[in-house]
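Take a look, then follow the questions below.

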Amino acid sequence: MAEWWWLVIAFFLIAMVYASVGFGGGSSYLALLALPVFALSPDVIRPTALFCNLVVVGGSLWVFHRERLIDWKNFWPFMVLSVPAAYAGGLWRLRDSVFFVVLGLTLLAAAAALWVRPTGEVRARTHSLALNMGLGAGIGFLSGLVGIGGGIFLSPILLLLRWAEPRSIAALASVFIFVNSLAGLLGQWQRGLPAIDLGFLGPLLLAVSAGGQVGARLGARSYDAARIRRITAVLIAVAALFILTDPR
């Protein structure tokens with residue numbers, strides 16, 4: 001159907017934009033997949049978004065690794081509780097009506113997170129271990145529950161806290177998204193995933209793979225990343241309102 005081909009094109013563009021700033025695009029994939037026109041169930045929506053996240057962020061991780069921006073000494077506190085929390089979220093099955101309400105509210109929060117871009121000097125990493133682990137656990141659980149990687153929430157919080165310079169935070173967000181997406185998928189697999197329709201999932205994965213490679217190379221240098229981020233925030237917010245007002 002025509003809507004499906006528009007979905008493939010949209011996934012390519014989403015992956016390109018998000019990969020340029022170290023994100024996977026999970027919130028936007030969810031916003032599109034959950035629209036009433038596609039009539040997809042949460043059991044299809046959540047793993048599809050997470051598989052796409054893994055493909056896109058995998059490419060970004062390679063770029064950040066080559067640039068020596070992945071610092072496990074400072075990153076591990078965010079991961080140690082986020083991985084089991086994302087797995088637990090993936091295990092939790094919500095009723096369809098509840099899932100779409102939680103998803104709609106999560107997307108509204110994601111839109112707000114995309115819109116805000118704190119600026120200022122970077123502070124020393126003096127934040128407590130408990131704070132970093134708590135952030136990881138909370139965002140990780142939400143990630144597994146709705147099917148996002150969580151970087152779209154972690155990154156703005158760390159920018160607000162002046163935790164590090166933006167490229168280091170983007171590298172952390174990429175690692176965070178990858179491990180949480182994988183843990184969320186494992187939780188959903190343990191609970192029981194539906195049969196994967198490669199005719200549906202395959203072209204989407206190819207689209208985000210190509211878009212992610214383009215975006216990772218652009219690196220937000222060839223266009224106004226702040227303006228595109230805010231346009232994306234508006235689109236996510238509109239999709240969230242459609243989801244929240246749909247009587248299903």
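Q: Which residues does Phe11 touch, not counting residues up to four places away in sequence?
A: Keep in mind that this is a predicted model. With those sequence neighbours set aside, the list for Phe11 runs Tyr29, Leu32, Leu33, Cys52, Leu204, Ala207 and Val208.

Q: Which residues have the most contacts inside the largest nonpolar core?
A: That core has 65 residues. The residues with the most contacts inside the core are Phe11 and Tyr29.

Q: Is Ser181 buried or exposed?
A: Ser181 sits in helix 9, which covers residues 166-191. Its relative accessible area is 0%. Buried means under 20%. Because Ser181 has a value of 0%, the word for it is buried.

Q: With which side chain does the side chain of Ser181 make a polar contact?
A: Leaving aside neighbours within four places in sequence, Ser181 is in contact with Leu50, Asn53, Leu54, Ile148 and Gly149. The polar contact, at 3.4 Å, joins the side chain of Ser181 to that of Asn53.

Q: Which helix gives the most residues to the nonpolar patch on the surface?
A: The patch is formed by Val101, Leu105, Leu108, Leu241 and Leu244, with about 390 Å² of accessible area together. Two elements give two or more residues to it: helix 6 (96-115) and helix 11 (225-245). Leu105, for one, is found in helix 6. With 3 residues, the one giving the most is helix 6.

How values were computed: Residues are numbered from 1 along each chain as its sequence is written. This is a predicted model: local features need pLDDT of at least 70, side-chain atom pairs count only at pLDDT 80 or more; totals for chains, interfaces and linings use all residues. Side-chain values use heavy atoms; hydrogens and water are left out. Patches are made of residues with over 30% relative accessible area and no salt bridge: like charges are joined within 9 Å, nonpolar side chains (Val, Leu, Ile, Met, Phe, Trp, Tyr) within 5 Å. Accessible areas come from the Shrake-Rupley method with a 1.4 Å probe; for residues, only the protein chains shown count as cover. A salt bridge is a side-chain nitrogen of Lys or Arg within 4 Å of a carboxyl oxygen of Asp or Glu. Helices (H or I, at least four residues) and strands (E, at least two) are DSSP runs, numbered from the N terminus. A nonpolar core is a set of buried Ala, Val, Leu, Ile, Met, Phe, Trp, Tyr and Cys residues joined through side-chain atoms within 4.5 Å. Buried means under 20% relative accessible area, exposed over 50%, partly exposed in between (1.4 Å probe, protein chains only). Contact means heavy atoms within 4.5 Å. A polar contact is a pair of N or O atoms within 3.5 Å; within protein, one must be able to donate a hydrogen and the other to accept it, and residues adjacent in sequence count only if both atoms are side-chain atoms.
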